[in-house]
Amino acid sequence: MKILLLEDDTALANILVDFLEDSYEVHHTYSMKKALQMSEDEKFDLYIFDINVPDGDGISLLRELREFHDETPAIFITAFHDTKYLKSAFESGANDFIRKPFDLEELTQRIDNIKRHFGLDALISLSDSLRFDVKTHTLKSSQTNIKLTHKESDCLHYFYKNRHRVISSDELLQNFWEFDEMPGDDAIRTIVKNLRKYIGKERIVNIRGEGYKFE
């Protein structure tokens with residue numbers, strides 16, 4: 001799992017990087033602008049953002065990322081105890097919030113909760129009889145294993161992480177293809193058709209005029 005950490009407190013940043021690198025791949029920056037650039041250059045599984053940094057704030061950064069359909073889970077860490085910051089954090093699209101000072105075990109529990117909710121573990125249970133191995137791009141059941149293409153695997157994982165939310169074809173295209181390589185809607189329809197064949201037609205619902213919803 002790849003984490004982007006935005007934290008300008010050098011001592012805390014070093015502690016968090018050392019701690020998180022035991023289990024995850026961590027990319028750290030002190031700058032909001034640099035964090036934005038990094039999020040554009042690479043895909044991350046989790047954002048951990050400080051609210052107050054020298055060249056901006058994590059809330060504004062996350063709000064901008066959400067406007068571009070970046071649904072990467074985000075945890076805010078902050079020294080602020082005013083509830084207005086809590087409200088602003090969740091309005092910007094945050095998934096969790098932790099106040100300084102905090103115990104590293106508390107952070108672990110919050111990350112584990114995010115992983116469970118968004119299917120960030122390597123093996124995801126889609127039903128009692130079907131598992132999705134994200135690392136090997138494979139659907140596994142007691143009868144057979146189905147190898148997915150990378151795009152099919154990416155789209156299925158995205159559907160799962162954003163289940164119960166309507167996802168447009170444009171959002172899928174923007175997340176999984178470079179701008180100069182972007183195909184038409186037919187590519188998405190083909191992927192959805194194949195995934196329905198593998199996991200059941202009822203799992204990916206077509207919302208007319210809007211997109212798809214994973215049930």
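Q: Are Glu91 and Lys87 buried or exposed, and how do you know?
A: Both Glu91 and Lys87 are exposed. The label goes by relative accessible area (buried is under 20%, exposed is over 50%, partly exposed is in between, using a 1.4 Å probe and protein chains only). So each of the two must be over 50%. By the way, this is a predicted model, where local features need pLDDT of at least 70, side-chain atom pairs count only at pLDDT 80 or more, and totals for chains, interfaces and linings use all residues. Residues are numbered from 1 along each chain as its sequence is written, and side-chain values use heavy atoms, with hydrogens and water left out.

Q: Why do Lys140 and Asp133 get the burial labels they have?
A: Lys140 has a relative accessible area of 31%, so it is partly exposed. Asp133 has 11%, so it is buried.

Q: What makes Glu171 and Arg165 a salt bridge?
A: The closest N and O atoms of this pair are 2.6 Å apart, so the pair meets the distance rule. Glu171 is buried because its relative accessible area is 3%, while Arg165, at 26%, is partly exposed. Arg165 is in the loop between helix H6 (150-161) and helix H7 (169-176).

Q: Which residues are linked in a network of salt bridges?
A: Glu7, Asp50 and Lys100 are linked that way. Lys100 is also joined to Pro101 by a cis peptide bond, with omega about -10 degrees. Pro101 lies in the loop between strand S7 (96-99) and helix H5 (104-118).

Q: What makes Asp18, Glu21, Asp22 and Glu25 a surface patch, and what is its charge?
A: They form a negative one. Asp and Glu count as negative, Lys and Arg as positive, and His and the chain ends are not counted. Patch members need over 30% relative accessible area and no salt bridge, with like charges joined within 9 Å. Asp22 is found in the loop between helix H1 (10-20) and strand S2 (25-29).

Q: How do you know where the buried residues of helix H2 point?
A: Those residues of H2 (32-41) are Met32, Ala35, Leu36, Met38 and Ser39. They cover an arc of only 165 degrees around the axis, so they are on the same side of H2. That arc is taken from the directions from the helix axis to the C-beta atoms. Turned away from the buried side is a face with the exposed residues Lys33, Glu40 and Asp41.

Q: What is the phi of His69, and what is the phi of His137?
A: For His69, phi is near 60 degrees, a positive value in a residue other than glycine. His137 isn't a glycine either, and its phi is positive, about 55 degrees. His69 lies in the loop between helix H3 (58-67) and strand S6 (74-78), and His137 is in the loop between strand S9 (131-133) and strand S10 (138-140).

Q: Why do His69 and His137 get the burial labels they have?
A: His69 is at 30% relative accessibility, so it counts as partly exposed. His137 is at 15%, so it is buried.

Key:
Patch = residues over 30% accessible without salt bridge, like charges linked within 9 Å, V, L, I, M, F, W, Y side chains within 5 Å. Areas by Shrake-Rupley, 256 points an atom, 1.4 Å probe, with all protein chains shown as cover. Salt bridge = Lys/Arg side-chain N within 4 Å of Asp/Glu carboxyl O. Charge placed at Lys NZ, Arg CZ, Asp CG, Glu CD. Helix = DSSP H or I, 4+ residues; strand = E, 2+ residues; numbered from the N terminus.
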